[in-house]
Structures are given as structure tokens and as C-alpha cells.
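Here is a quick tour of some helix packing and some salt bridges. Have the model open while you read.

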Amino acid sequence: MGMIILGVGDYGTANNPGDGLKTFALGSCVALILYNPKTRVAGMAHIALPDSTINSQRAREKPGYFADSGVNRLFRDFVRHGECSRSDLVIKLVGGANVLKAHSAFNIGHKNVAALHKELAKLGLKSAGEDVGGNFSRTVAIDVASGEVVINSPGRGSWHI
Amino acid sequence: MARPEDIISSVRSIPPLSPSALQLLSLIGDPDHGVADVIRVVEQDPGLTANVLKAVNSAAYSLEQKVTTLLRAVSYLGEKMVAAIALWSCAPKVYQAGLAGYVSERGELWRHSICTAIACRELAEYAPTGSVNPELAFTAGILHDIGKAVLSEHLQDDEGTLTLDPERDARFLDVEKIRGGIDHAEVGHALARHWKLPAPLAMAIRHHHIPHTTPEEHLTLVYTVHLGDILAMMAGAGTGADTLMYTLDERYTEHLTLSDEDVQAIFLAMETQFEQARTIFS
């Protein structure tokens with residue numbers, strides 16, 4: 001019972017009321033968050049980069065690191081807790097920040113969010129809520145019992161989506 | 001509120017660097033030095049010798065046989081990591097304290113500094129051949145944010161923290177200027193002078209957020225540190241409230257040639273190499 005902490009490139013699921021999933025300091029990384037309110041199953045992946053083809057070895061070691069391999073693995077883990085109909089599934093995205101004027105190669109936050117939209121679209125899915133972009137870092141947690149997603153950022157307090 | 005000149009004067013409360021740390025920083029910037037020079041500096045400092053041997057025998061390197069000589073230790077660690085160990089142990093007021101004015105926990109500035117350093121060394125490979133010494137870029141990455149350790153207390157409110165206004169506060173250099181009358185790069189430059197750091201390192205500290213203002217001979221090094229700092233923040237290895245509240249200077253393309261894939265590969269290398277480095281300093 002407690003908060004399960006996910007590092008960069010980690011993914012995990014939880015279904016014990018009283019548990020939660022949390023990941024720190026997303027920066028340009030994106031937390032992909034899944035929730036089934038009927039069965040109270042939660043899932044989260046801390047996605048760092050959009051495309052696993054830049055390093056296939058890293059993708060094998062830590063599939064949650066990349067948007068393409070991470071979506072696949074998180075859904076596979078999520079449905080181990082039981083099938084979930086599309087209408088029941090709630091998907092949220094948090095993170096994907098950038099520095100100011102981060103056009104071109106340094107806009108990894110934007111690329112991560114775009115890659116996740118693309119991977120979700122392949123499955124015929126889209127997010128129900130997002131708190132992405134901006135130029136500040138976020139920490140995010142989901143509570144298994146309520147499905148509430150709480151975000152906080154140093155100096156900016158906390159809020160939920 | 002303290003006046004900017006008082007904040008600059010307060011850098012004198014930070015103890016000087018150890019002679020060995022300063023000599024290592026100077027050596028790294030000297031293209032004619034060899035490993036024997038590095039060992040000569042380390043062996044004159046018993047505390048540093050012990051820390052270097054402890055680091056190489058830590059879990060980070062998983063060596064089968066215990067290393068007992070400085071020659072082998074320096075060979076395994078590399079001189080940049082020896083310099084990092086020297087800085088870590090001789091500047092605890094900078095690297096081993098929390099930054100309440102940045103809402104940053106103890107250890108976060110060191111993590112940010114090491115991640116920036118690793119990114120800088122990787123980025124140096126994308127500058128024209130011979131224009132940036134990767135080892136010097138690494139040490140510049142470790143040192144670039146030293147000013148935050150001095151400025152932090154002047155950014156705190158009465159509750160000992162900092163609260164940003166998301167509507168108004170977009171650039172952290174402006175937040176520092178409003179609250180302290182001076183930004184962390186300017187304070188860092190004062191500390192660099194107090195520490196008598198070599199010129200390239202002092203320039204990297206002073207100009208890492210405004211690299212286009214750097215004197216010509218240090219431009220490529222400073223653009224390297226500018227980008228390394230940004231990559232560390234993007235990876236979530238920032239120093240609290242100011243993380244990502246800075247502006248990318250796109251003129252970096254005049255100094256470093258980087259594709260989208262290159263930037264992502266450096267991002268990945270920084271993360272994996274930090275995992276190894278962190279156990280040395282834990």
C-alpha cells in the first residue's frame with residue numbers, strides 16, 4: 001500500500017485502493033496515464049523520447065522510455081488486470097514542456113506529445129485530458145481509488161486535471 | 001532587500017577552492033598536460049586521493065579487483081571525473097546544500113551540474129574539430145550554475161520559499177533581477193573571480209544564458225554549455241522552480257551541427273551516464 005514511484009522510462013499499473021502511481025520532474029518527458037473508473041485500475045508510463053529507432057537496445061531494456069514502445073507495453077500491462085472497453089478508458093497526458101523558443105531539434109517536449117497522439121490514434125484512442133507544454137517542470141500522481149490526477153511544480157503549487 | 005553589490009560581496013563567504021581542485025581545473029584547460037600531471041596534483045592532497053580511490057572502488061565501476069594506485073584510478077575515472085570529485089568535496093556550501101530560493105532540494109544542483117557536464121562533453125563532439133575541449137566542456141558544465149548557491153537566499157520570501165506567478169513569471173532571469181537585482185550568471189561570475197577560475201570557465205558561467213555576448217575565443221564552448229544546461233533541464237534534472245524558464249538561443253547552429261536524432265541521442269547518453277556517475281557521489 002502506498003505510492004509507487006516510476007523513474008524515467010518506467011511504466012506500471014496498480015489496482016489496490018490506497019495505492020497510487022507517481023513520477024517526478026517530467027521536464028520535456030510526458031506521463032501517459034490510463035484509468036478505468038469501473039474496475040479502478042490505473043496505469044502510468046514516463047515517456048522520455050518519441051521514437052525507439054534511435055536506440056533499439058535501450059528500447060529492449062526500457063521500452064517505457066519511448067512513445068512507440070511505451071504505449072504498447074503500458075496497454076499490455078494494463079489489460080492484465082482485465083479487459084477494458086474503449087468507452088471506459090480515460091487517458092491523460094501530462095508534461096512535454098520546453099524552454100522558450102525551443103524550435104527545431106530541441107523541441108522534444110512537443111515531439112513527445114505528438115508521438116503519443118499518433119500512437120494512441122493507431123489504437124483508435126485519444127486523450128480525455130491534457131496538461132502539456134509550457135516552460136516549467138511537472139510532477140504528477142494518480143490515485144487508484146478516485147482516479148484523480150494531481151500535478152505539482154516547484155513554486156507553482158498543485159492542481160488537478 | 002540586499003543590494004546587488006552586497007550580493008556580489010557575499011561570495012567572499014564561500015571558502016576558496018582547494019589548491020588541488022584549482023590546479024586540476026587549470027590543467028584540464030591546458031592542451032599540453034598529461035595524466036602524470038593529474039596524478040601529481042592528486043597525490044599531494046591526501047583527502048582527494050582517498051576520495052578518488054573510494055570512487056573508483058564504488059559500485060559504479062563494478063571492478064573485480066580493488067584499485068589501489070592513482071594511476072589506475074585516474075585511468076578508469078578519467079581526469080574530468082577526478083576534477084568533479086575534487087569540486088564536490090571542496091565546495092560543500094555550493095553543491096551539498098539545498099536552494100530554498102529555487103524550491104530545490106539538497107543534491108539537485110549537483111545532479112543538474114553533472115547532467116549538464118555529461119551533455120556538454122557529448123555536445124563538444126558536434127563542434128568543429130578542435131574547437132571545444134570535451135574535458136573542459138565537462139568542467140564548465142559542472143561549474144555553470146555556482147551563482148545559484150549564493151543568490152538562493154535572496155530569492156526567498158518571508159516563509160523561506162519562492163512562489164511564482166504563472167501569468168507574469170516566464171523568464172527566471174527576470175525573476176532573479178526583480179527579487180535580487182542581479183541574476184545567477186552575474187553572481188556566478190563574481191564567485192568565479194573569487195575562486196580564481198581560468199578564463200574559459202569564468203566566461204561559461206557568466207554567459208551561459210546569453211551566449212551571443214561571449215568574447216569570440218570562447219563562443220563555441222559557451223554555446224556548448226548553453227545547450228548542455230537546457231538538455232539537463234529537459235530531462236527533469238533541473239534545480240526546482242527555474243527549470244526550463246530560460247530561452248534557447250538558436251544561433252547555436254552557427255557553432256554546433258546537430259540533427260534531431262543527434263539531440264535525442266545526447267539526451268539518452270546523458271541519462272544513462274548519469275546513472276553510473278550518481279553512485280560515485282551517493
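Is B:Arg251 buried, partly exposed or exposed? B:Arg251 is partly exposed, at a relative accessible area of 40%; buried means under 20%, exposed over 50% and partly exposed in between, using a 1.4 Å probe and protein chains only.

Before going further, some housekeeping. This is a predicted model, so local features need pLDDT of at least 70 and side-chain atom pairs count only at pLDDT 80 or more, while totals for chains, interfaces and linings use all residues. Residues are numbered from 1 along each chain as its sequence is written, chains are lettered from A and ligands numbered from 1 in the order in which they are written, and side-chain values use heavy atoms, with hydrogens and water left out.

**Salt bridges**

B:Arg251 has a partner: B:Asp249 forms a salt bridge with B:Arg251. The term stands for a side-chain nitrogen of Lys or Arg within 4 Å of a carboxyl oxygen of Asp or Glu. B:Asp249 is buried, with a relative accessible area of 9%. Over all chains, the whole structure has 16 salt bridges.

| Pair | Closest N and O atoms |
|---|---|
| A:Lys62 and A:Asp10 | 2.7 Å |
| A:Glu119 and A:Lys122 | 3.1 Å |
| B:Asp249 and B:Arg251 | 2.9 Å |

Take A:Lys62 and A:Asp10, which form a salt bridge. A:Lys62 sits in the loop between helix 1 (56-61) and helix 2 (67-78) of chain A and A:Asp10 in the loop between strand 1 (3-6) and strand 2 (11-14) of chain A, so the pair ties together parts that are 52 residues apart in sequence. Helices here are DSSP runs of H or I with at least four residues, and strands are runs of E with at least two, numbered from the N terminus. A:Lys62 is partly exposed at 24% relative accessible area, and A:Asp10 is partly exposed at 24% too.

A:Glu119 and A:Lys122 are 3 residues apart in helix 3 (residues 108-122) of chain A, and therefore separated by about one helical turn. A:Glu119 is buried, with a relative accessible area of 12%, whereas A:Lys122 is exposed at 59%.

Back in chain B, B:Arg3, B:Glu5 and B:Asp6 are joined in a network of salt bridges.

**Helices 8 and 9 of chain B**

Now for the helix pairs. The axes of helix 8 (residues 108-124) and helix 9 (residues 134-143) of chain B come within 7 Å and cross at roughly 155 degrees. Axes are lines fitted to C-alpha atoms, for helices over the stretch in contact, and angles run from 0 to 180 degrees between N-to-C directions. That makes helix 8 of chain B roughly antiparallel to helix 9 of chain B; angles under 35 degrees count as roughly parallel, over 145 as roughly antiparallel, 65 to 115 as roughly perpendicular and the rest as oblique.

Which residues does B:Gly141 touch, leaving out those up to four places away in sequence? B:Gly141 touches B:Ser113, B:Thr116, B:Ala117 and B:Cys120, where contact means heavy atoms within 4.5 Å. B:Gly141 itself belongs to helix 9 of chain B and is buried, with a relative accessible area of 0%. Further along the chain, B:Asp157 is 16 residues from B:Gly141, and their C-alpha atoms are separated by 29 Å.

Helix 2 (residues 19-28) and helix 3 (residues 35-43) of chain B pack at an angle of about 170 degrees, with their axes 9 Å apart. These helices of chain B are therefore roughly antiparallel to each other. On the helix 2 side of chain B the contact has B:Ser20, B:Gln23, B:Leu24 and B:Leu27, which meet B:Asp37, B:Val38, B:Val41 and B:Val42 in helix 3 of chain B.

Helix 10 (residues 147-155) and helix 12 (residues 184-194) of chain B pack at an angle of about 125 degrees, with their axes 7 Å apart. That makes helix 10 of chain B oblique to helix 12 of chain B. Helix 10 of chain B brings B:Gly147, B:Lys148, B:Val150 and B:Leu151 to the contact, and helix 12 of chain B brings B:His184, B:Val187, B:Gly188 and B:Leu191.
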